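User: Please take a close look at one helix of this model and at what surrounds it. I would like the cut-offs stated as you go.

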Amino acid sequence: MIIQLENISKRYKKREILKNINFSVEDSEIIGIIGANGTGKSTLLKIMLGLTKQSNGVVKYFNNGEKISSLIGYVPQENPLIPELTVLDNLKLWYSDSKENMKDDLNNGILKKLKLNDVLKFKVNNLSGGYKRRLSIGCALAKHPKLILLDEPSSGLDLNCKYEIKEYLKDYVAADGSVVMVTHDLSEISICDKIYILKDGRLNLITESYEEFTEDKIKQILL
């Protein structure tokens with residue numbers, strides 16, 4: 001187990017966004033979370049990361065003394081990159097404590113798989129949406145975390161880029177990583193080991209066969 005949430009609730013003034021959520025992430029699994037806009041999915045990810053404080057409940061990390069930032073990587077829905085800098089300079093910021101690791105990852109590891117070698121001298125401003133997303137993922141994995149949290153990882157991307165990111169996530173899990181992603185994308189849902197729905201503040205495991213999922217089915221679930 002990597003992380004466990006026990007009875008997590010979150011209130012904003014009088015509105016309770018999350019209600020008594022119990023949830024855990026095991027080694028080498030992909031978890032998908034679906035839900036309508038405004039149901040607290042991003043808030044849940046931020047609580048897992050420690051960026052947002054829960055109103056009640058406990059988050060337990062099984063990190064053997066590691067810093068949370070080394071245990072968990074995070075790719076938010078909004079772009080976290082510095083647009084005026086090059087791809088290489090953005091990477092240097094995230095790999096500031098491990099420049100040798102960056103070199104290794106560019107030559108043989110994560111960054112090579114994400115094809116970032118091809119655009120190292122490009123400014124982020126000049127990148128396509130797909131390469132910005134790849135770079136965001138590469139930065140989040142700079143410390144080789146055991147768990148990566150992704151908020152709509154392939155939103156707005158073309159089919160080819162969606163496929164490549166999906167295949168990368170499968171490779172990441174095969175190498176003992178774990179993934180939690182907020183998604184409504186059918187191709188991403190298809191690779192998940194578990195799918196949860198966040199609705200009315202409560203997180204519930206969906207028991208239907210993932211092969212039965214369609215866009216209409218997702219719409220029905222979210223209503």
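Analyst: At 1.5 Å a residue, the 16 residues of helix α7 (residues 159–174) should span 22 Å, and the end C-alpha atoms of α7 are 23 Å apart, which agrees; the expected span is 1.5 Å times one less than the number of residues, and helices are DSSP runs of H or I with at least four residues, strands runs of E with at least two, numbered from the N terminus. This is a predicted model, in which local features need pLDDT of at least 70 and side-chain atom pairs count only at pLDDT 80 or more, while totals for chains, interfaces and linings use all residues. Residues are numbered from 1 along each chain as its sequence is written, and side-chain values use heavy atoms, with hydrogens and water left out.

The buried residues of α7 (under 20% relative accessible area, with exposed over 50% and partly exposed in between, for a 1.4 Å probe and protein chains only) are Cys-161, Lys-162, Ile-165, Lys-166, Tyr-168, Leu-169, Tyr-172 and Val-173. Seen down the axis of α7, these buried residues fall within an arc of 160°, so they line one face of the helix; the arc is that of the directions from the helix axis to the C-beta atoms. On the other side of α7, Leu-159 and Ala-174 are exposed.

The buried residues of α7 pack, by contacts of heavy atoms within 4.5 Å, against β3 (30–34), α5 (110–113), α6 (129–140), β6 (147–151), β7 (178–182) and α8 (186–189).

As for the ends, Asp-158 caps the N-terminal end of α7, with a side-chain oxygen 3.1 Å from the backbone nitrogen of Asn-160, whereas just after α7 Asp-176 takes a positive phi of about 80°.

Note on methods: A polar contact is a pair of N or O atoms within 3.5 Å; within protein, one must be able to donate a hydrogen and the other to accept it, and residues adjacent in sequence count only if both atoms are side-chain atoms.
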